[in-house]
Amino acid sequence: MAGAVQLRLHGSQRGAYAARTESPLVRRILIGTALMFLVLVLVLPLVLIFSTAFSRGIGVYLSSFTDPDALSAIRLTLLTAAVAVPLNTLFGVCAAWAIAKFEFRGKNILITLIDLPFAVSPVIAGLIFVILFGSWGFFGEWLAAYNIKIIFAKPGIIIATVFITFPFVARELIPLMQAQGSEEEQSAIVLGAGAWQTFRRVTLPNIKWGLLYGVILCNARAMGEFGAVSVVSGHIRGLTCTMPLHLEILYNEYNFAAAFAIASLLTFLALVTLVLKSIIEWRSARQTAFENPES
Amino acid sequence: MDLKGRRRRVLPGFGITMGFTLTYLSLMVLIPLAGLFIMSSRLSWTDFFSRAVLDPRVLAAYRLSFGAAFIAATINALFGFVVAWVLVRYRFRGKRIVDALVDLPFALPTAVSGITLTTLYASTGWVGGLLAPLGIPVAYTPAGIVVALILIGLPFAVRTVQPALEDMDVELEEAATSLGAGRLQVLSRVILPAILPSILSGFTLAFARGIGEFGSVYFIAGNMPMKTEIAPLLIIIKLEQYDSLGAAAIGVVMLVVSFSMIFIINMLQFWSRRYQ
């Protein structure tokens, strides 16, 4: 199931000229309805986040980040993303190479299996790792004997995040590389290029925008995951709290200004992700137009 | 000459990439998910049903999770269609920003949307304050859960319909118009049938995401047993009570529902491809 909204690399604008067929009044009502809906659902929350974050002045806002617990939450969030994103990027590139460049039986099943984590509720994602590594879980006794802590500790948070962000890069790359085919790579190999050289010089330039988008989306989700991480973390302040968990603690203590200060940082990250996505879509559309000027 | 066989040998790296893909997939996803099913198989069938299906508190949670997700997905299918239509067919100022903003719920951490919507729709909030005098409480009621799920599902509803509208042949509409069809007739007889599979897959995606959603709902729901307690939260509560088997049983029921959703979506996509 598509948990990821895929990059629309070749969005056509063909429909834009059919506008004449509705009367201006109907057109205005429809645009108005759409905008009202989006303001209510998306814009109002955005305004609220930043206005609440700064409601008690810039001093309180900044001190929300210098608090030792907040700093530890930021560090853990960065660590989690630093493990999950490269691992899932490596996986995404490998999976897309195997699936897009070769023919084999069961390909569709493999693609469906890669998408599975999107269909799993974040809470269940946490639950499965508690069942594996928790004190009463399958490996619980063995881990206890070697004094390894996974659940209610940092490794659990990282593993749960890797699961949640598992399909992001693969999902962007598989359709992109399938559409591009493998003729260019075959020519490179036939002309004597090595495998790594072919990937770096031929494949990578073709997929770089999709890859970049997959990576930033994976990163945004890794840093913002709440449900799965919440189940395995144990909420130990200053130790096993990521930024979203730290935000929850602050909110439950009615420390709204600080909670929304953390929220504003995460929101800023989300907005940067959206801007990058727009730039990438625009660049790739231009690249496509440049390569196929007649289409 | 067996071209296919030759082509397979030309490109390098199948063994290593496929090997890594399968190993990593098994270790990270398949084995952990299998663990859940193995754990719940320790329960007898009657035990499983009494814990995960027939328990009144669990039943109330399913009804709430599925009901709220259904209502939210319906609202999203409707407004998502209008938003997609406006973005594809019309030109207006700020369109590119609006288009980019549609993906916001996808990039925004769910805990952030949770505390924001709660603050917004509480009786002291900007929107809640307007609705409370009318006797419509939103935060800490099932309505609040629907509001959170509308936010979460919006990108799915818009982004599945948008490409289908973009790819539609304008000639079909022009033909219908020239044959004397009114605008509403064109909409109901030409446009809607062609994009119905897309609307339905958007609906199913939003619904599937909604039944599993936790972060955004957790804050606005109020989490009162039997009233505003969603199924994922019940799993956490069972875990906290050291009822691991109960948690695993509810997890299995929800996973089976999610996997059926995948099946339905794959069927819908097959249908829409055949339609073209």
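1. Helices (H or I, at least four residues) and strands (E, at least two) are DSSP runs, numbered from the N terminus. On that basis S198(B) is found in helix α11 of chain B, which covers residues 183–212. This is a predicted model, in which local features need pLDDT of at least 70 and side-chain atom pairs count only at pLDDT 80 or more, while totals for chains, interfaces and linings use all residues. Residues are numbered from 1 along each chain as its sequence is written, chains are lettered from A and ligands numbered from 1 in the order in which they are written, and side-chain values use heavy atoms, with hydrogens and water left out.

2. The secondary structure of chain B consists of 14 helices and 0 strands. Along its principal axes, the C-alpha trace of chain B spans about 70 × 65 × 35 Å.

3. Burial in chain B may be considered next. Buried means under 20% relative accessible area, exposed over 50%, and partly exposed in between (1.4 Å probe, protein chains only). Of the 276 residues of chain B, 56% count as buried. With accessible areas taken from the Shrake-Rupley method with a 1.4 Å probe, chain B exposes about 12,500 Å², and carbon and sulfur atoms supply 66% of that area.

4. Contact means heavy atoms within 4.5 Å. Among the contacts in chain B with a separation of 6 or more, 74% are between residues 24 or more positions apart.

5. The place of a charge is taken as NZ of Lys, CZ of Arg, CG of Asp or CD of Glu. The mean positions of the 22 positive and 15 negative charges of chain B lie 4 Å apart.

6. The contact between the chains takes 98 residues from chain B and 103 residues from chain A. Buried area is the accessible area (1.4 Å probe) that two parts lose on being put together, summed over both. Chain B and chain A bury about 9,000 Å² between them, and 79% of this is on carbon and sulfur atoms. In chain B, L11(B), Y24(B) and Y90(B) lose the most area to chain A, together 8% of what that side buries.

7. Domain bounds come from an automatic or database domain assignment. For chain A, the assignment gives domain 1 (2–51) and domain 2 (57–291). The C-alpha centres of these two domains of chain A lie 28 Å apart.

8. Leaving aside its neighbours within four places in sequence, S198(B) is in contact with T160(B), V161(B) and A164(B). I262(B) lies in helix α14 (residues 244–275) of chain B; at a relative accessible area of 5%, I262(B) is buried. I262(B) and M224(B) are 38 residues apart in sequence and 31 Å apart in space, C-alpha to C-alpha.

9. Most residues other than glycine have a negative phi. N223(B) has a phi near 55°, a positive value in a residue other than glycine. N223(B) is found in the loop between α12 (215–221) and α13 (231–240) of chain B, and its relative accessible area of 23% makes N223(B) partly exposed.

10. M226(B) is found in the loop between α12 and α13 of chain B. Phi of M226(B) is near 70°, a positive value in a residue other than glycine. M226(B) counts as partly exposed because its relative accessibility is 49%.

Technical notes
Lys, Arg positive; Asp, Glu negative; His and termini not counted.
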